[in-house]
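Here is a short report for a first look at this structure. Keep the view open while you read.

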Amino acid sequence: MSRLAEFPTLRAQGEVQEGAAISACEVTVEPPGITIAPADGPPRTWPAHEIAGVERAGYEIAVTRALDRQGIVLRRFARRTDELELALRRCRADALARLMAPPDEIPLEITEATGPAPGFLYRHEDGLRWVPDAGQCFARLYGELDSARFHADDYSVVLDGPLGRSEVSGLRRVTRELDAEADRCIEQARAQFAQALDEAGAPWAEDARMGRIRQHVPFAPTVEQVTQAAGAAGLICAPRRDFWAILRDADVIRRLVVSADPQGQLRLVALCPVGTGELYEVLSEADHASFVFARADDAVRAWTEVGFRREPIFADHEAEEYRILAGVLPSLQQARAGLRQRVVHDDPDAWWRRLQH
């Protein structure tokens with residue numbers, strides 16, 4: 001286990017092998033990516049998110065590119081091989097963690113996990129994000145968790161909540177600190193959520209305070225809660241009230257998802273069965289279309305794991321970096337694959353008819 005400081009730029013001299021060709025080169029590793037400057041050709045740069053894998057064998061490091069699975073081998077870096085390996089792994093992990101965290105969010109701490117499943121754990125203000133060297137990433141937010149528990153036999157932390165169980169091992173001494181700190185952060189997240197609901201006059205503040213309703217976690221509302229939601233300030237914006245009324249009168253509001261941003265602004269989503277799947281309807285924002293997914297839960301989970309960005313889940317075309325992220329983030333991959341329909345809000349009755357087909 002080691003706690004890592006801000007990413008330093010590394011520049012080292014060695015050789016690069018691409019296919020059968022070998023040449024002397026200078027390699028620069030910095031947060032935006034890696035630049036390889038061979039002695040006999042122009043420099044080439046890979047953005048950090050394009051690094052798919054870093055595998056070391058002795059004094060050779062194989063680096064694989066995500067887009068085409070092509071690779072290079074870096075050799076003859078002598079005593080700087082250890083530094084280069086760590087810098088390459090960290091460069092990739094930092095890039096993926098940035099795509100999973102809210103824009104401009106800086107991690108409070110970065111911890112390297114060692115052992116059979118190495119990687120990097122990022123502790124942010126709102127939760128924990130895990131980027132392994134190989135395998136699936138995850139983000140777990142304090143607002144949706146039940147607990148974080150330490151297991152001394154393998155130095156692991158197990159995160160439990162309604163959205164499932166996640167585990168990171170090989171963390172050594174930091175696990176005991178995470179155990180205590182995560183419990184404090186979970187309680188704090190619940191209290192802040194309840195306060196935001198209280199201030200908006202929303203009907204679920206006590207349920208949030210006791211953990212019966214969690215941020216980002218779907219729950220089945222009672223008839224009374226559905227009725228009360230319309231009276232809470234900011235839960236349903238004015239341009240969506242007619243659409244909310246249609247869903248309410250059709251008795252299709254099976255689940256609701258509510259959350260609060262750091263400023264206490266509430267976000268409400270209704271999940272409703274419709275013709276081609278499950279409607280994901282954002283009621284607190286006027287500039288969000290209606291989306292139908294095979295499983296709306298995939299979009300709910302992905303929303304928490306892509307830093308609350310719309311583009312990775314809802315955009316018509318996926319940007320390159322999010323296509324790469326989807327390869328290691330199951331919720332994003334499943335949400336994109338399960339997207340069935342996009343419906344704009346125009347005439348409410350016409351909108352509802354289109355959702356039936």
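The largest pocket of this predicted model has a volume of about 890 Å³. Its lining has 33 residues, and the closest to the pocket centre are Asp126, Gln215, Ala260, Asp261 and Pro262. The largest share comes from α2, with 9 residues. The table sorts the lining by residue class.

| Class in the lining of the largest pocket | Number of residues |
|---|---|
| Nonpolar | 13 residues |
| Polar | 11 residues |

Helix α1 covers residues 81-100, which makes 20 residues. At 1.5 Å a residue, α1 should span 28 Å. The C-alpha atoms at its ends lie 29 Å apart, so the two values agree. Helix α1 is also mostly covered, with 15 of its 20 residues buried.

Now turn to a single residue. Trp46 sits in strand β5, which runs over residues 44-47. Is Trp46 buried or exposed? Trp46 counts as buried because its relative accessibility is 7%, and the cut-off for buried is under 20%.

What is Trp46 in contact with, leaving aside its neighbours within four places in sequence? The partners are Pro32, Gly33, Ile34, Ile51, Val63, Thr64, Arg65, Gln70 and Ile72.

Trp46 and Ala152 are separated by 106 residues in sequence. In space, their C-alpha atoms are 39 Å apart.

Definitions and conventions. Residues are numbered from 1 along each chain as its sequence is written. This is a predicted model: local features need pLDDT of at least 70, side-chain atom pairs count only at pLDDT 80 or more; totals for chains, interfaces and linings use all residues. Side-chain values use heavy atoms; hydrogens and water are left out. Helices (H or I, at least four residues) and strands (E, at least two) are DSSP runs, numbered from the N terminus. The expected span of a helix is 1.5 Å times one less than its number of residues. Buried means under 20% relative accessible area, exposed over 50%, partly exposed in between (1.4 Å probe, protein chains only). Contact means heavy atoms within 4.5 Å. On a 1 Å grid over the protein atoms alone, a cavity is a set of points where a 1.4 Å probe fits but cannot get out, and a pocket is an open set with protein on both sides within 12 Å along at least five of seven lines; lining residues have an atom within 4 Å of a point. Grid points are joined across faces, edges and corners, and a volume is the space filled by probe spheres set on the points. Ala, Val, Leu, Ile, Met, Phe, Trp, Tyr, Cys and Pro count as nonpolar, Asp, Glu, Lys and Arg as charged, and the others, Gly among them, as polar.
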